[in-house]
Amino acid sequence: MASGGPRLVVGVDIGNSTTEACCARVDDDGGVEYLGSGLAPTTGIKGTPDNAEGVRKAAGQALADGGCRWPDVDLVLTNEATPVISGLAMETITETVVTESTMIGHDPRTPGGSGIGVGTTVALADLADRPAGEDVLVVVPAAEDFEDVAEALVAAAQRGVGVRGAILGGDDAVLVANRLEETLPIVDEVTLVDEVPLGMLAAVEVAEPGRTIRTLSNSYGIATLFELDAEQTKMISPVARSLTGNRSAVVVRTPGGDVTDRRVPAGSIALRGRSSTVSVEVDAGADEIMRALARIRPLVDAEGESGTHVGGMIAGVRDAMSELTGQRPDEVAIEDLLAVDTLVPQEVRGGLAKEVAREDAVLLAAMVRTSRGPMEQVAAEVRRVLAEEAQRVLEVEIGGIEAEMAVGGALTTPGSGEPIVVLDLGGGSTDAAHADTDGEVYSVHVAGAGDLVTTLIDAELGLDDKQVAEEVKRYPLAKVESFFHIRHENGTAQFFTEPLAPELFARVVVLTDEGMHAVPGRHDLATLRHTRREAKRRVFVVNALRALEQIAPGGTLRQIEFVVLLGGSALDFEIPDMIADAVAPYGIVCGTGNVRGSLGPRNAVASGLVAGHARGRRVSGAA
């Protein structure tokens with residue numbers, strides 16, 4: 001560092017989700033006086049010029065927090081930002097197209113009656129014209145009054161028409177059922193009731209309260225009702241699977257009910273190491289992919305089989321980064337992968353209520369390595385944006401690799417010292433670094449962290465809403481059992497003096513900092529909690545162990561004594577404990593860091609960038 005008195009230095013850590021900054025005065029002799037810190041959402045994909053706006057906001061907060069001004073800044077340091085992109089590679093994709101036939105796997109909250117009925121679909125308006133002895137299922141538009149519907153069904157039955165059940169567009173199934181002389185299965189709330197084909201053989205099943213259907217969720221049950229042969233039974237199996245667990249369902253078959261099956265293969269992925277290449281089929285599962293990755297580590301690049309799901313995902317990653325960075329796709333390399341087995345809901349084609357079947361899938365997170373050029377583009381854009389704030393061109397340097405800089409920040413935690421091992425739990429990657437007593441730092445980045453957990457929760461629960469999935473990941477859950485009390489996921493009850501909002505009644509809610517938010521769908525509390533914890537275990541615990549193995553002396557975890565957890569995900573209410581439990585059998589003491597004695601696990605990389613610069617230990621050259 002040049003002499004000439006103290007300099008005001010800003011360190012900036014560009015993450016997948018957030019950008020953190022700190023400002024400090026650095027003396028000629030390497031002394032550091034930390035002044036302020038800032039935090040802002042990352043703008044654009046990490047490692048691209050769009051990050052500059054997030055850098056401006058975070059750095060501006062740090063300067064304001066430290067009582068400093070932009071014109072006084074002498075140097076801005078950024079991390080080497082490696083983007084991580086996640087995607088789904090389906091293990092067994094079966095798109096079932098039910099041609100000229102329809103199935104409704106509808107599951108309203110309050111179907112009417114019970115039992116199973118088989119007959120020809122007939123519009124309510126035509127019911128009076130049906131002859132005696134014909135078995136029918138009555139299709140009722142949403143606008144019909146429940147008393148009129150009940151009277152029409154009773155009158156038809158009295159004339160000898162075999163009324164075996166009903167399909168309602170409205171939500172009056174219970175009201176209609178209560179007015180009938182015999183118990184019939186009635187399904188309501190079918191929003192696309194006008195598209196139910198008429199004059200076709202159909203079956204309606206409603207289970208008793210507290211039970212689920214048995215016949216229409218069984219491939220052979222459907223085959224029995226519709227007299228299907230073995231090949232047709234095989235093709236209709238996704239329909240049956242999608243109805244599993246429902247209290248009610250309808251299946252309608254047309255005379256031309258051909259069922260075609262189009263399979264898009266998951267494909268294979270070729271993992272190229274420095275001395276060998278291993279090809280592994282995605283449908284072998286995540287464990288096999290990770291074992292293959294361990295055999296050829298370190299990974300140099302990965303290729304997906306052309307024309308397959310994994311091939312499309314890998315190609316998409318390269319194309320996205322090529323477009324963002326201006327590099328050719330063949331210059332974008334995959335430097336790490338994390339594969340996770342999961343189950344995701346897939347829509348069954350031919351349904352009228354968006355029926356889904358849960359299919360096995362492999363979720364992949366890919367860490368992309370580009371040339372130094374893109375980071376220099378980021379630094380150049382940061383320099384341009386900050387020049388507008390400082391009214392002059394600021395010196396901007398690529399200060400160092402995240403994990404190594406995180407060590408410098410971790411060492412500001414009271415009670416810490418070398419040797420030290422840090423785990424930086426971010427949004428896109430899990431980074432580990434080991435600093436020995438001589439100050440030598442060994443680091444590794446592995447793909448997958450908080451963003452992947454959110455993706456996993458979103459996919460497995462079929463939420464199709466990343467914001468809701470993020471809340472499920474970050475906050476505890478509860479069940480609203482009355483207007484005045486909730487049951488927390490740990491079993492304890494909490495009572496309120498004021499009534500809760502009516503829309504929360506009997507719902508599972510997320511206990512956010514802003515209040516209770518209902519989780520959409522009908523997942524019970526136990527399922528949501530299990531999905532959340534399993535997602536965190538399969539990403540953070542797995543990544544923590546494989547990252548520590550790579551930087552541990554001799555590759556032996558028992559050679560590690562202390563681990564400090566850093567990063568935004570270290571603030572999670574259960575991830576630190578899950579990791580601590582996982583490493584405890586190896587005799588490792590694991591806890592959450594407290595950067596600069598006041599910031600908790602946040603700001604480690606940003607603070608470490610300043611500390612590293614002050615010690616003259618710049619890892620990369622100037623931008």
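**Note on the predicted model: sheets, helices and a pocket**

1. V564 has G591 in β30 as its bridge partner. The two strands involved, β29 (residues 562–566) and β30, pair in the parallel sense over four bridges. Strands pair if DSSP finds at least two bridges between them. Strands (E, at least two residues) and helices (H or I, at least four) are DSSP runs, numbered from the N terminus.

2. On provenance: this is a predicted model, where local features need pLDDT of at least 70, side-chain atom pairs count only at pLDDT 80 or more, and totals for chains, interfaces and linings use all residues. Residues are numbered from 1 along each chain as its sequence is written, and side-chain values use heavy atoms, with hydrogens and water left out.

3. The β29/β30 pair belongs to an open sheet of five strands, ordered β23-β22-β21-β29-β30, with mixed pairing. The twist averages 20° from one strand to the next. Axes here are lines fitted to C-alpha atoms, for helices over the stretch in contact, and angles run from 0 to 180 degrees between N-to-C directions.

4. A second open sheet also has five strands, in the order β26-β25-β24-β27-β28, and its pairing is antiparallel. The edges are β26 (493–495) and β28 (515–518); each has a single partner strand, so one side of each is left without a neighbour in the sheet. Direction ignored, neighbouring strands of this sheet are turned by 35° against each other on average.

5. Strand by strand, the antiparallel sheet reads as follows. β27 (residues 508–512) pairs with β28 over four bridges, and T512 has G515 in β28 as its bridge partner. β24 (residues 477–482) pairs with β27 over three bridges; L477 stands opposite V510 in β27. Four bridges join β24 to β25 (residues 485–488), where K479 is partnered by R487 in β25. The link from β24 to β25 is a hairpin through two residues.

6. Helix α1 (residues 51–65) checks out on length. Its 15 residues at 1.5 Å a residue should span 21 Å, and its end C-alpha atoms are 21 Å apart, which agrees. The expected span is 1.5 Å times one less than the number of residues.

7. Which residues of α1 are buried? They are N51, A52, G54, V55, A58, A59, A62 and L63. Seen down the axis of α1, these fall within an arc of 165°, so they line one face of the helix. The arc is that of the directions from the helix axis to the C-beta atoms. Buried means under 20% relative accessible area, exposed over 50%, partly exposed in between (1.4 Å probe, protein chains only). After α1 comes G67, with a positive phi near 70°.

8. The second largest pocket holds about 750 Å³ of space. It is lined by 38 residues, and the closest to its centre are S17, T18, G568, S569 and R602. Elements giving two or more residues to the lining include β1 (7–14), β2 (18–26), β22 (429–435) and α10 (450–461). A pocket is an open set of points on a 1 Å grid over the protein atoms alone, where a 1.4 Å probe fits, with protein on both sides within 12 Å along at least five of seven lines; lining residues have an atom within 4 Å of a point. Points are joined across faces, edges and corners, and the volume is the space filled by probe spheres set on them.

9. V453 is found in helix α10. At 0% relative accessibility, V453 counts as buried. V453 and R537 are 84 residues apart in sequence and 9.2 Å apart in space, C-alpha to C-alpha.
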